[in-house]
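Please place the sequence and the model side by side before reading on.

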Amino acid sequence: MAVKSVTHLNFRGEARAALEFYQSVFGGDLAVITYKDAGNVRDPADADQVTWGQVLAGDGFHVMAYDVPAHMPWNQGENAFFLSLRGETTQEISAYWEKLSAGADIVQPLAPAQWSALYGMLRDRFGVVWVVDVAGGGNG
């Protein structure tokens, strides 16, 4: 039996936009179910918010997200988690970096590091911190 871990991101009203953005970066299939779709509307303001959503790409990229409903506390936090993105080649990572950096704050510019052909860190326009690098130092 195999166990798989998937990052699940929590938002307040931005889950759909974030998932659409990540799909534009990584490709794959987008699935979104709203509170209304699930028949679970406690507050009319939440009806069109995301109760479950994901982007799943053929290359293995997978992220899930939802909008925390109004009746529950939520705070984006600061450095509560990083999302690690590791690729096999510098070309692959550079392409993802270019797309992810749209509207982002660059924490550490993408550049060679002692442990990797490329490493960088950014906070995307949704406040998610991405740690991006080439696994095993590959240059391909």
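A residue is called buried when its relative accessible area is under 20%, exposed when that area is over 50%, and partly exposed in between, using a 1.4 Å probe and protein chains only. The model discussed here is predicted, so local features need pLDDT of at least 70 and side-chain atom pairs count only at pLDDT 80 or more, whereas totals for chains, interfaces and linings use all residues. Residues are numbered from 1 along each chain as its sequence is written, and side-chain values use heavy atoms, with hydrogens and water left out.

Is T34 buried or exposed? T34 is buried, because its relative accessible area is 5%. This residue is found in strand β2; here helices (H or I, at least four residues) and strands (E, at least two) are DSSP runs, numbered from the N terminus. Leaving out residues up to four places away in sequence, T34 touches R16, A47, D48, Q49, V50 and T51, where contact means heavy atoms within 4.5 Å. T34 and Y66 are 32 residues apart along the chain, and their C-alpha atoms are separated by 8.9 Å.

The strand that holds T34 belongs to a sheet. Two strands are said to pair if DSSP finds at least two bridges between them. Four strands form an open sheet with mixed pairing, in the order β1-β4-β3-β2. Its edge strands, each pairing on one side only, are β1 and β2 (29–34). From one strand to the next, the twist averages 15°; for such angles, axes are lines fitted to C-alpha atoms, for helices over the stretch in contact, and the angles run from 0 to 180 degrees between N-to-C directions. Within this sheet, β3 (residues 50–56) and β4 (residues 62–67) are antiparallel and are joined by four bridges. Q54 stands opposite M64 in β4. Helix α1 (residues 15–26) lies across β1, β2, β3 and β4, and runs at about 175° to β2.

A further open sheet of four strands has the order β5-β8-β7-β6, again with mixed pairing. Here the edge strands are β5 and β6 (105–113), each of which pairs on one side only. The twist in this sheet averages 10° from one strand to the next. Strands β7 (residues 116–123) and β8 pair in the antiparallel sense over five bridges, and the bridge partner of Y119 in β8 is D133. Helix α2 packs on this sheet and touches β5, β6, β7 and β8, its direction making about 15° with that of β7.

Strand β5 is parallel to β8 (residues 129–134), and six bridges join the two. Which residues of β5 lie on its covered face, and which on its uncovered one? The covered face has L83, L85 and G87, while the uncovered face has F82, S84 and R86.

V107 is partly exposed, because its relative accessible area is 46%. Apart from neighbours within four places in sequence, V107 is in contact with M121, L122 and R123. V107 and A47 are 60 residues apart in sequence and 35 Å apart in space, C-alpha to C-alpha.

The pockets come last. On a 1 Å grid over the protein atoms alone, a pocket is an open set of points with protein on both sides within 12 Å along at least five of seven lines, and lining residues have an atom within 4 Å of a point. Grid points are joined across faces, edges and corners, and a volume is the space filled by probe spheres set on the points. The largest pocket holds about 290 Å³ of space. Of its 17 lining residues, G60, F61, H62, S84 and L85 lie nearest its centre. Both β5 (82–87) and α2 (90–100) supply at least two residues of this lining, and β5 gives the largest share, five residues.

The second largest pocket contains about 200 Å³ of space. It is lined by 16 residues, and N10, Q76, A80, F81 and G127 are the closest to its centre. Strand β1 (residues 7–11) contributes the largest share of that lining, four residues.

Definitions and conventions:
On a 1 Å grid over the protein atoms alone, a cavity is a set of points where a 1.4 Å probe fits but cannot get out, and a pocket is an open set with protein on both sides within 12 Å along at least five of seven lines; lining residues have an atom within 4 Å of a point.
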